[in-house]
Amino acid sequence: MENLKSEKVLTAKELASYFDHTLLRANATVSEFKKLCDDSKRYGFCMVAINPAPVKLCKTFLAGSQVHVGAAIAFPLGQTTLEDKLSETRNAIKNGADEIGMGNRTNSGTGRMTVDNRKKNERSRTGNPYSSH
């Protein structure tokens, strides 16, 4: 128990910074995305996790904040082709996604990477983040 006493106690905002706030419902409204983003700023969540379509909208709502926008690619089933996932990823990045989460149920794995790391890795191999070579 003595070790617990010496550990730093996190504030609510510090704790919230370890979590994503999620809205992945297909029929979510603009006002629900606004509330998601407002709550994320107010409570200090790390990221909003959304489908790719509202990425640009949420980037607008979160402008000037530290909250990232994450796009869930091929959600919820992951049963799309690689080409579909790449296209969806490129569009999400173009619209401002900071992070990409990709469902892949065909081999029961999932992946998550930051856009910056993906771009760096692609550039170092090809010089072009969208190159197929």
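Which residues in H5 are buried? In this predicted model, the buried ones in that helix are Lys85, Thr89, Ala92 and Ile93. They sit on the same side of H5, because they cover an arc of only 95° around the axis.

**The whole chain**

- The protein chain has 6 helices and 5 strands.
- Reading from the N terminus, the order of elements is α-α-β-α-β-α-β-α-β-β-α.
- There are 133 residues in the chain, and 32% of them are buried.
- If you take contacts between residues at least 6 apart in sequence, 47% of those join residues at least 24 apart.

**A closer look at helix H5**

- H5 is made of 13 residues.
- From its first C-alpha to its last, H5 reaches 18 Å, which is close to the 18 Å you'd expect at 1.5 Å a residue.
- Now turn to the face of H5 that points away from the buried side: there you'll find the exposed residues Glu83 and Lys94.
- After H5 comes Gly96, and its phi is positive, near 115°.

- Strand E3 covers residues 68–73 and helix H5 covers 82–94, and the loop between them holds Pro76.
- Ala74 is not a glycine, yet its phi is positive, at about 60°.
- Ala74 belongs to the loop between E3 and H5.
- Is Ala74 buried or exposed? Ala74 counts as buried because its relative accessible area is 7%, and the cut-off for buried is under 20%.
- The peptide bond running from Phe75 to Pro76 is cis, and its omega is near 10°.
- Gln79 is also placed in the loop between E3 and H5.
- Gln79 is exposed, with a relative accessible area of 52%.
- How far apart in space are Gln79 and Gly103? Their C-alpha atoms are 8.1 Å apart, while in sequence the two residues are 24 residues apart.

**Salt bridges**

- How many salt bridges does the structure hold? The structure holds 7 salt bridges.
- One of the pairs is Glu14 with Lys8, whose side chains meet at 2.8 Å, N to O.
- In that pair, Glu14 is partly exposed at 29% relative accessibility, whereas Lys8 is exposed, with a relative accessible area of 60%.
- Asp39 and Lys35 also form a salt bridge, at 2.7 Å from N to O.
- Asp39 and Lys35 are 4 residues apart in helix H3 (residues 30–43), so about one helical turn separates them.
- Asp39 is buried, with a relative accessible area of 10%.
- Asp38 pairs with Lys41, and the closest N and O atoms in this salt bridge are 4.0 Å apart.
- Asp38 and Lys41 are 3 residues apart in helix H3, so these two are likewise separated by about one helical turn.
- Asp38 is partly exposed at 26% relative accessibility, and Lys41 is partly exposed too, with a relative accessible area of 31%.

- Which residues make the nonpolar surface patch of about 440 Å²? The patch is made by Leu10, Leu15, Tyr18 and Phe19.
- Leu15, one of the patch residues, lies in helix H2, which spans residues 12–16.
- Leu15 counts as partly exposed because its relative accessible area is 43%, between the cut-offs of 20% for buried and 50% for exposed.

Methods:
Residues are numbered from 1 along each chain as its sequence is written. This is a predicted model: local features need pLDDT of at least 70, side-chain atom pairs count only at pLDDT 80 or more; totals for chains, interfaces and linings use all residues. Side-chain values use heavy atoms; hydrogens and water are left out. Patches are made of residues with over 30% relative accessible area and no salt bridge: like charges are joined within 9 Å, nonpolar side chains (Val, Leu, Ile, Met, Phe, Trp, Tyr) within 5 Å. Accessible areas come from the Shrake-Rupley method with a 1.4 Å probe; for residues, only the protein chains shown count as cover. Buried means under 20% relative accessible area, exposed over 50%, partly exposed in between (1.4 Å probe, protein chains only). The expected span of a helix is 1.5 Å times one less than its number of residues. The arc is that of the directions from the helix axis to the C-beta atoms. Contact means heavy atoms within 4.5 Å.
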